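Here are a few exercises to work through with the model open beside you. Try each task before reading its solution.

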Amino acid sequence: MSSYLLFKSLHLIAVISWMAGLLYLPRIFVYHSENMEIKEICDVFKTMERKLYYYIMLPAMTLSWLFGLILISIIGFETLTSKWLQIKLILVIILTLYHFYLGIILSKFKNDISNKTPKFYRWLNEVPTIILIFVVFVVIFKPI
């Protein structure tokens, strides 16, 4: 098996795991924000949020970046001049910033602070889906 295919497979597994977390954590925030007055339920959500973020999402994001950079090194750093790869990297940077924004929200919930409505978290939940769609089309079609 070529190293390229191995790292491409590992990259896809890491990305899928990361995306699952990016899609699920804001949904937990919806339920958490709807139940702020019930301490027992909030404690369960805090545990879920913390474990998802630190044990699944953070390692998956790190591995996504690591394997992605390894793939770029295998195919050659000159591919960084390709517009499609530049667009993909910009979108992945936006997803990374989104990831850390979720971490900020997580820390607020940890301290029992929620100044956003459940509707806000529902809309926030759509961000990674939209970015994912663009990334997939850019990578598959390499339009530029």
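A quick rule to start: buried means under 20% relative accessible area, exposed means over 50%, and partly exposed is what lies in between (1.4 Å probe, protein chains only). The model is predicted, so local features need pLDDT of at least 70 and side-chain atom pairs count only at pLDDT 80 or more, while totals for chains, interfaces and linings use all residues. Residues are numbered from 1 along each chain as its sequence is written, and side-chain values use heavy atoms, with hydrogens and water left out.

**Exercise 1. Find the salt bridges and say where their partners sit.**

Step 1: A salt bridge is a side-chain nitrogen of Lys or Arg within 4 Å of a carboxyl oxygen of Asp or Glu. That gives three salt bridges. For locations, helices (H or I, at least four residues) and strands (E, at least two) are DSSP runs, numbered from the N terminus.

Step 2: take Glu34 and Arg122, whose closest N and O atoms are 2.9 Å apart. Glu34 belongs to helix α1 (residues 3-34) and Arg122 to helix α4 (residues 118-124), so this pair ties together parts 88 residues apart in sequence. Glu34 is partly exposed at 35% relative accessible area, and Arg122 is partly exposed at 33%.

Step 3: look at Asp43 and Lys39, which meet at 2.7 Å, N to O. They're four residues apart in helix α2 (residues 39-75), so about one helical turn separates them. Asp43 is partly exposed, at 31%, whereas Lys39 counts as exposed, at 54%.

Step 4: finish with Lys46 and Asp112, with closest N and O atoms 2.6 Å apart. Here distant parts of the chain are linked: Lys46 is in helix α2 and Asp112 in the loop between α3 (83-110) and α4, 66 residues apart. Lys46 counts as buried, at 18% relative accessibility, but Asp112 is partly exposed, at 48%.

**Exercise 2. Which residues of α5 are buried, and what do they pack against?**

Step 1: size up the helix. Helix α5 (residues 127-141) has 15 residues and reaches 22 Å from first C-alpha to last, close to the 21 Å expected at 1.5 Å a residue; the expected span is 1.5 Å times one less than the number of residues.

Step 2: list the buried residues of α5: Pro128, Ile131, Val135 and Val138. They cover an arc of only 95 degrees around the axis, so they lie on the same side of α5. That arc is taken from the directions from the helix axis to the C-beta atoms. On the other side of α5, Ile140 and Phe141 are exposed.

Step 3: find the partners. The buried residues of α5 pack against α1, α3 and α4, with contact meaning heavy atoms within 4.5 Å.

Step 4: step off the end. Just after α5, Lys142 takes a positive phi of about 40 degrees, and Lys142 lies over the face of Trp84, 4.6 Å from the ring centre.

Terms used:
A charge sits over a ring if NZ of Lys or CZ of Arg is within 6 Å of the ring centre and within 35 degrees of the ring normal.
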